[in-house]
Amino acid sequence: MSKSKQSPSVEERREKALSVLTPIISVLLALIVGAIIILALGKSPLQGYGALLQGSLGDVGKVVKTLERSCPLIFTALAAVFAYKCGVFNLGGEGQFIMGACACATVILGLGLTGPVAMAAGLIAGLIVGGIWGLLPGIMKITRGLNEMITTIMLNYVALYLMEYVFKNVFSDQGLPKTVAIPQSGRLPSVAGAHLGVLIAIILGVFLWYVLFRTSFGFKIRATGMNQIASRVNGFPVRSLVLLSFVISGAIAGLGGGIELLGRAPYRLADGFGSGFGFDGVAIALIAQLNPVASIVVAILFGVLSTGGTMMQSVIGVPTAIIEIIRGMIIIFAVAGMAMIKLPAIKARFASAGSKTKKAEASA
């Protein structure tokens with residue numbers, strides 16, 4: 001019996017090893033492409049990448065800046081991971097992130113709160129409103145069968161214009177297109193130099209990993225994502241799980257929006273707040289292969305690229321667009337690599353390799 005189960009375990013180990021290697025190889029290939037472009041511009045790739053690392057990890061202050069830059073990406077990536085694990089595609093992380101920040105600002109500035117009360121009330125409001133914003137496409141999906149990719153993207157624009165109304169009209173700072181700054185006492189405190197939100201993001205990522213892979217609730221979420229029909233036959237409340245995944249996903253992004261507002265300068269809503277975080281989060285989730293802990297690592301990598309890109313530009317004189325090219329190539333290589341692993345021909349190679357290993361062990 002143990003020998004008959006050995007071959008599948010070998011195949012699974014090979015596929016898992018390739019799944020781990022795929023993002024690493026993708027990053028290396030993207031860096032090689034970036035190096036070729038830098039060479040074509042007549043500059044030194046080694047000097048450029050050295051400046052990138054120096055600008056993002058060169059000292060404690062730069063490391064803190066990189067972590068804080070990564071923080072919103074961690075939240076939007078975790079939001080995407082949780083939804084995707086249940087088989088739904090939440091492309092509205094940016095809208096939920098923005099609405100969480102709007103709710104946070106409205107509660108604190110509207111009620112005139114200060115101190116820890118302001119901080120707690122703002123983050124709770126962001127979490128709740130983000131969850132409600134995630135609930136809307138969930139209701140439209142399970143009641144009317146509307147495609148969640150379309151509805152979540154549309155709600156991103158609604159959230160964007162609602163935020164614009166808030167910072168231009170409701171809480172405008174002396175008529176300027178930005179809100180009044182959050183009071184000093186209501187901002188997130190620092191932990192080892194970085195604001196508290198970084199620690200919250202990391203703890204949340206580990207917690208979500210535990211929930212998804214070590215609890216019965218997580219098993220139901222993953223089973224629903226793999227096969228809704230089989231899950232329904234086995235008595236799982238599929239519609240409720242799908243709706244709940246939207247709510248939890250939105251709440252995670254909304255909490256991230258509140259933390260970004262209270263944790264990073266200028267501590268106010270303005271044009272461009274939250275821009276790009278949602279779709280970057282989706283890309284990070286895919287590169288991390290829907291693993292919450294791996295999403296943290298990939299988000300920090302993106303933070304390194306964003307923070308160090310400016311110094312690379314100033315040191316070797318190349319445009320920061322190269323960083324965007326590298327990030328795009330990482331996404332392309334990672335998604336292509338994951339798709340290749342799932343191809344029947346590749347799986348057949350795993351099976352044949354496993355059978356050869358089994359025969360070799362038997363003959364030995």
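This note sets out numbered points on the pocket, cavity, salt bridges, cysteines and nonpolar surface of a predicted model.

1. Basis of the values. Because the model is predicted, local features need pLDDT of at least 70 and side-chain atom pairs count only at pLDDT 80 or more, whereas totals for chains, interfaces and linings use all residues. Residues are numbered from 1 along each chain as its sequence is written, and side-chain values use heavy atoms, with hydrogens and water left out.

2. Largest pocket. The largest pocket has a volume of about 1300 Å³. A pocket here is an open set of points on a 1 Å grid over the protein atoms alone, with protein on both sides within 12 Å along at least five of seven lines, and a lining residue has an atom within 4 Å of a point. Grid points are joined across faces, edges and corners, and a volume is the space filled by probe spheres set on the points. The lining comprises 32 residues, and Ser-19, Ala-288, Gln-289, Leu-290 and Asn-291 lie nearest the centre of the pocket.

3. Elements around the pocket. At least two lining residues each are supplied by H1, helix H3 (60-85), helix H8 (216-226), helix H11 (277-287), helix H12 (292-316) and H13. H1 provides the largest share, nine residues. Helices are DSSP runs (H or I, at least four residues), numbered from the N terminus.

4. Cavity. One cavity of 30 Å³ or more is counted, a cavity being a set of grid points where a 1.4 Å probe fits but cannot get out. The volume of the largest cavity is about 30 Å³. Its lining consists of Thr-76, Ala-79, Ala-80, Asn-90, Gly-93, Ser-249, Gly-278 and Val-282. H3 and H11 are the elements that give two or more residues to this lining, and the largest share, three residues, comes from H3. Both H3 and H11 also supply at least two residues each to the lining of the largest pocket.

5. Lys-168 is partly exposed at a relative accessible area of 41%, and Glu-164 is partly exposed at 28%. The classes are buried (under 20% relative accessible area), exposed (over 50%) and partly exposed (in between), with a 1.4 Å probe and protein chains only.

6. Salt bridge of Arg-264. Arg-264 and Glu-260 meet through their side chains in a salt bridge of 3.1 Å, N to O. Arg-264 is partly exposed, with a relative accessible area of 21%, whereas Glu-260 counts as buried at 8%.

7. Glu-324 and Arg-327 form a salt bridge of 3.5 Å, N to O. Being three residues apart in helix H13 (residues 321-341), they are separated by about one helical turn. Glu-324 is partly exposed, with a relative accessible area of 48%, while Arg-327 is buried at 9%. Through salt bridges that share partners, Asp-280, Glu-324 and Arg-327 are joined into one network.

8. Cysteines. How many disulfides does a search of the whole structure find? The search finds zero, a disulfide being a pair of cysteine sulfur atoms within 2.5 Å. Cys-102 is in no disulfide, and the nearest cysteine sulfur, that of Cys-104, is 9.9 Å away. Cys-102 is buried, with a relative accessible area of 5%, and Cys-86 is buried at 0%.

9. Nonpolar surface patch. Leu-18, Val-20, Leu-21, Ile-24, Ile-25, Leu-28, Leu-29, Ile-32 and Ile-36 make a nonpolar surface patch of about 770 Å². Patches are made of residues with over 30% relative accessible area and no salt bridge, nonpolar side chains (Val, Leu, Ile, Met, Phe, Trp, Tyr) being joined within 5 Å and like charges within 9 Å. Accessible areas come from the Shrake-Rupley method with a 1.4 Å probe; for residues, only the protein chains shown count as cover. Ile-24 lies in helix H1 (residues 6-40) and counts as partly exposed at 47% relative accessibility.

10. Ile-200 and Leu-29. Ile-200 lies in helix H7 (residues 196-214) and is partly exposed at 25% relative accessibility. The C-alpha atoms of Ile-200 and Leu-29 are separated by 32 Å, the two residues being 171 residues apart along the chain.

Methods
Salt bridge = Lys/Arg side-chain N within 4 Å of Asp/Glu carboxyl O.
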